[in-house]
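The entries below follow the order in which I looked things up.

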Amino acid sequence: MRSSGIGMLQRLAHEYGVQTAYYDVNRQRQTASVEVLLAVLQSLGAPVARVEDVPQALRERRQAAWERPVEPVIVAWNGQPPLIELRLPANLADVPMAGQLTLDTGERRVWQWRGVDLPLLWESKVEGRRYQVRALDLAERLPNGYHRLELEVAGRIVESLVIAAPYRAYRPPEGEGGRAWGVFLPLYALHGQRSWQSGDLTDLEALAAWVSQEGGGVVATLPLLPTFPQQSCPYAPVSRLMWSDLYIDVTAAPELRTCGPAQALLASDEFQRELDLLRRAPLMNYAGLMSMKRRVLEELARCVFAEPSPRQRALQAFAESHPMVEEYARFRAACEKQRAPWRSWPQPLRGGALKEGDYDEEARRYHLYAQWLAHEQMEALFRSAAGKQVQFYLDLPLGVDPDGYDAWSQQGVFALGVTAGAPPDTVFVRGQDWHTPPLHPERLREQGYGYYLACLRHHLQHGGILRIDHVMGFHRLFWIPQGCQPGDGVYVRYPADELYAILSLESHRYRCIPVGENLGTVPVRINRTLREHDVHRMYVVQYELATEADQALGRPPRDSVASINTHDMPTFAGFWQGLDIKERQELGLLDERGVQEETMRREASKKALVAFLRGAGFLSGPSTDPGTVLQATIAFLSASPARLVLANLEDLWLETQPQNVPGTGDDFGNWRHRARYSLEEMRRLPQVNRLLGEIRRYRSSGRK
């Protein structure tokens, strides 16, 4: 391909928001191949099956951009009237225009203009036609909300969503929750004496009660969203709009008191034997546990639907007020009837249309009932925790299962033929493919961000703190064409201003603190933008740790969530022993030389950490065993100005087994490791009580 053709392809990529090159972790420039650019452009809707299609596609793209008078989404920060760039063919500049702004309260504001009376910003000639860009100023402050702007130009009506949002996200008033602390543990890992195998929502309530008694105010866990029974990864949910039926406490269902068949099933010797085997298993058996819960829940659903009752009327009212749940129930039932992913279903099922006969009615009723019960128990959980002044730190994953409900019901806003991931770095030298479909930035805007808003609200209405997984995706996301290696992907840009505006507005509406997961290779501008918008960041010791004693750890920022590690990292004891280095060697990510270099770097980091903690007064005496250094590190974090300090409960007893080793699938039992101790046992462990007491003391006083 000649250089002129490559240049034209790159210009087309730019028009679609595709970066044709990026700098990797070693500051080496990586340029996308022609094949990858064509594949990504196709997934964005560009009519380019081959290189020869590029010139025409470029002309069409530029012309389409100029033919739309205004952008589909406009941001008005802090209620200031937005300056709207109005694109007009030069021959229409003298034509009268009408504008109507409908506020989300229903109030309407109406204007009339003539193009020639508006300030001219610039002119341009596109495909032989001259256009003008004029400044349209609504000249009035706007209340916070989502408003609809309609413009009529020469008989044509175009609409735009106007997002009027506070520039800074919600943060509690001074003195309220400024030095909070809490604990982290995945709910599947939590278990108690009454648990079946994993923890359920009643166990999570018990954990919140314990944290409250210890003086803490936050419980953090992994996503509580539904997955298919055979799927263990919580970051590829069936939906980001529902709750997981895996975590329902079956024994707390009101129907159980009067449902004889469910009572008989629970009491049967066979059921109890199966339950005992599950409890003894060292790893989570998602399919097995879900099967046992479903058998009981199905009996309960039959009892509810059998005859009219107050509970049946409550379920019907829930279904009527949550139409998406009804559709979700039909989808899950259709999946079970078809016994195949939706992408292989016949039309019109594949296109999103389901009718009676496409699914088993009893299965639909089960999924509807399960969602209702999960909704009730989640509501009760959050009410109970709020009464104990405990907030939940919820987690909104970046992606969804491509075979799941969201991908099926929201096909228009997901990009096809590509997956999201990350380029190679020092840890993942081959890059990462998360196997989740990315959101299509333009279709998301054209939809008015309805799906994104629904996902946010599903979480914000309950959580006092919400972690936004991979917040770099607000700016750009790494797309990998199907069939390509992760290292072959390219970055696609997203409308960051609009995403931050929605997050800020919704955080204020629900009084919820947003936290952006900003770990890994993060451009400086992204952290700067997080600060500007008051979106809290993450400060993680294992990411921050340097090899120089005076720089081993910086100072956790006030607007941060500080922790030693995350669910994707080795535990403190595993890190101290270098177990993660051995794992990377086993995976082929490090050769012998790499192991030696990484081991030397780790030893230098450990020495630097010890020296730093001694110099800061958190460590004294000669001991450098992991327990002593862990306590000093926790003390350092707890004495910091960070708004929230999270302690990984498994670190407190020096667990070495990580919850997840990214990029390894099920080879390491990822997302299946149950905590070594039950909740009752944790509460009696001296080292756990001692360390929680240290956190409480430092967080209360703010001094060493």
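Entry 1: I began with strand β14 (residues 418-422), which is joined to β15 by two bridges, the two strands running antiparallel. I noted glycine 421 opposite aspartate 433 in β15. The model is a predicted one, and I read the pairings with that in mind. I then traced the whole sheet: it is open, has four strands in the order β15-β14-β17-β18, and is paired antiparallel. Because β15 (432-433) and β18 (490-493) are the edge strands with a single partner each, one side of each has no neighbour in the sheet. I next asked which strands helix α2 touches. Helix α2 (residues 34-43) packs on this sheet and touches β14, β17 (476-481) and β18. I recorded about 110° between the direction of α2 and that of β17.

**Entry 2: the three-stranded sheet.** I turned to an open sheet with the strand order β4-β8-β7 and antiparallel pairing. Its edges are β4 (83-89) and β7 (120-126); each has a single partner strand, so one side of each is left without a neighbour in the sheet. I found an average twist of 25° from one strand to the next. Between β7 and strand β8 (residues 129-137), which run antiparallel, I noted six bridges. Serine 124 has tyrosine 131 in β8 as its bridge partner. Helix α3 (residues 54-67) packs on this sheet, in touch with β4, β7 and β8, and its direction makes about 145° with that of β7.

**Entry 3: β5, β9 and β10.** I looked up strand β5 (residues 96-102) and found six bridges to strand β9 (residues 145-153), with the two running antiparallel. Leucine 101 stands opposite leucine 149 in β9. I followed β9 onward to strand β10 (residues 156-165), with which it pairs in the antiparallel sense over nine bridges. Glutamate 152 is bridged to isoleucine 157 in β10. I recorded β9 and β10 as a hairpin with two residues between the strands, and alanine 154 in the turn has a positive phi of about 55°.

**Entry 4: α7 and its helix contacts.** I first examined helix α6 (residues 269-280) against helix α7 (residues 286-306): the packing angle is about 150° and the axes are 10 Å apart. The pair is therefore roughly antiparallel, the cut-off for that term being over 145 degrees. The crossing of α6 and α7 is left-handed. From α6, Phe271, Glu274, Leu275 and Leu278 meet residues of α7 including Met292 and Arg295. I counted six nonpolar, one polar and two charged residues in the contact of α6 with α7.

I then checked α7 against helix α10 (residues 361-387), where the axes come within 9 Å and cross at roughly 95°. That angle makes α7 roughly perpendicular to α10. Among the residues that meet are Met290, Leu297 and Phe305 in α7, and Tyr366, Leu368 and Leu373 in α10. By class I recorded 11 nonpolar, one polar and five charged residues in the contact of α7 with α10.

**Entry 5: the disulfide.** How many disulfides does the structure hold? I found one. It is formed by cysteine 259 and cysteine 303, with sulfur atoms 2.2 Å apart. The link is right-handed, with 65° about the S-S bond. I placed cysteine 259 in the loop between β12 (218-220) and α5 (260-267), and cysteine 303 in helix α7; the two are 44 residues apart, and the pair links distant parts of the chain.

Methods. Residues numbered from 1 in each chain as written. Predicted model: local features only at pLDDT ≥ 70, side-chain atom pairs only at ≥ 80, totals over all residues. Heavy atoms only, no water. Axes fitted to C-alpha atoms, helices over the stretch in contact; angles between N-to-C directions. Parallel < 35°, antiparallel > 145°, perpendicular 65-115°, else oblique. Left-handed = near helix turned anticlockwise from the far one by under 90°. Contact = heavy atoms within 4.5 Å. Nonpolar A, V, L, I, M, F, W, Y, C, P; charged D, E, K, R; others polar. Pairing = 2+ DSSP bridges. Disulfide = S-S within 2.5 Å.
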